[in-house]
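The sequence and structure come first, and the notes follow.

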Amino acid sequence: DYSARIAALQRTATPSVDNGSICLIFAADHGVAKDMREGGRSCSSYPQAVSRKVLEGLDHGIAGASVLAKCNGVALRVVDVGLADGPAQYE
């Protein structure tokens with residue numbers, strides 16, 4: 001139960017949660033998802049380029065998680081921890 005965890009972390013029987021809710025999404029590609037011609041196993045339904053597009057959608061507020069976060073007053077942060085095409089270059 002999350003309320004019990006929060007109570008334990010706060011060391012109180014009456015825990016509180018401020019409006020500082022945040023959702024962290026960590027994104028990366030796995031080498032086995034590469035096309036077999038590139039040394040991977042082609043085990044993903046989508047090419048690795050789709051990962052970048054998903055992150056762009058999150059950044060622009062049009063992806064599902066970003067819409068849900070906005071509707072619920074939750075800050076959303078996307079952390080690029082290793083996309084195959086390098087760090088994000090958003091405008």
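## A pair within helix α2

Lys53 and Glu56 are about one helical turn from each other, because they lie 3 residues apart in helix α2. Helices here are DSSP runs of H or I with at least four residues, strands are E runs of at least two, and both are numbered from the N terminus. An α-helix has 3.6 residues a turn, so residues three or four places apart point the same way. The two side chains form a salt bridge, with the closest N and O atoms 3.5 Å apart; the term requires a side-chain nitrogen of Lys or Arg within 4 Å of a carboxyl oxygen of Asp or Glu. Lys53 is exposed at 56% relative accessibility, whereas Glu56 is partly exposed at 25%. For these classes, buried is under 20% relative accessible area, exposed is over 50%, and partly exposed is in between, with a 1.4 Å probe and protein chains only.

## Basis of the values

The model is predicted: local features need pLDDT of at least 70, side-chain atom pairs count only at pLDDT 80 or more, and totals for chains, interfaces and linings use all residues. Residues are numbered from 1 along each chain as its sequence is written, and side-chain values use heavy atoms, leaving out hydrogens and water.

The whole structure has 3 salt bridges. Asp80 and Arg52 form one of them, at 3.4 Å from N to O. Asp80 belongs to strand β2 and Arg52 to helix α2, so this pair ties together parts 28 residues apart in sequence. Asp80 is partly exposed, at 28% relative accessible area, while Arg52 is buried at 9%.

Arg52 also meets Asp85 in a salt bridge, with an N to O distance of 2.8 Å. That pair links distant parts of the chain, with Arg52 in helix α2 and Asp85 in the segment after β2, 33 residues apart.

Which residues of α2 are buried? They are Arg52, Leu55, Gly57 and Leu58. Their cover includes β1, α3 and β2 (75-80), where contact means heavy atoms within 4.5 Å. After α2 comes Gly61, which has a positive phi near 80°.

Ser66 sits in helix α3 (residues 64-71) and is buried, with 8% relative accessible area. Apart from neighbours within four places in sequence, Ser66 is in contact with Gly57, Leu58, Gly61 and Leu76.

## Cysteines

The disulfide count is 0, with a disulfide taken as a pair of cysteine sulfur atoms within 2.5 Å. For Cys23, the closest cysteine sulfur is that of Cys71, and at 13 Å it is too far for a bond. Cys23 is partly exposed at 30% relative accessible area, and Cys71 is exposed at 64%.

## Surface and loop

Ile22, Leu24, Phe26 and Val81 make up a nonpolar surface patch with about 400 Å² of accessible area together. Patches take residues with over 30% relative accessible area and no salt bridge, joining like charges within 9 Å and nonpolar side chains (Val, Leu, Ile, Met, Phe, Trp, Tyr) within 5 Å. Areas come from the Shrake-Rupley method with a 1.4 Å probe, and for residues only the protein chains shown count as cover. Phe26 lies in strand β1 (residues 22-27) and is exposed at 54% relative accessibility.

Ser45 is in the loop between β1 and α2 (49-59) and is exposed, with a relative accessible area of 68%. From Ser45 to Leu68 there are 23 residues in sequence and 25 Å in space, C-alpha to C-alpha.
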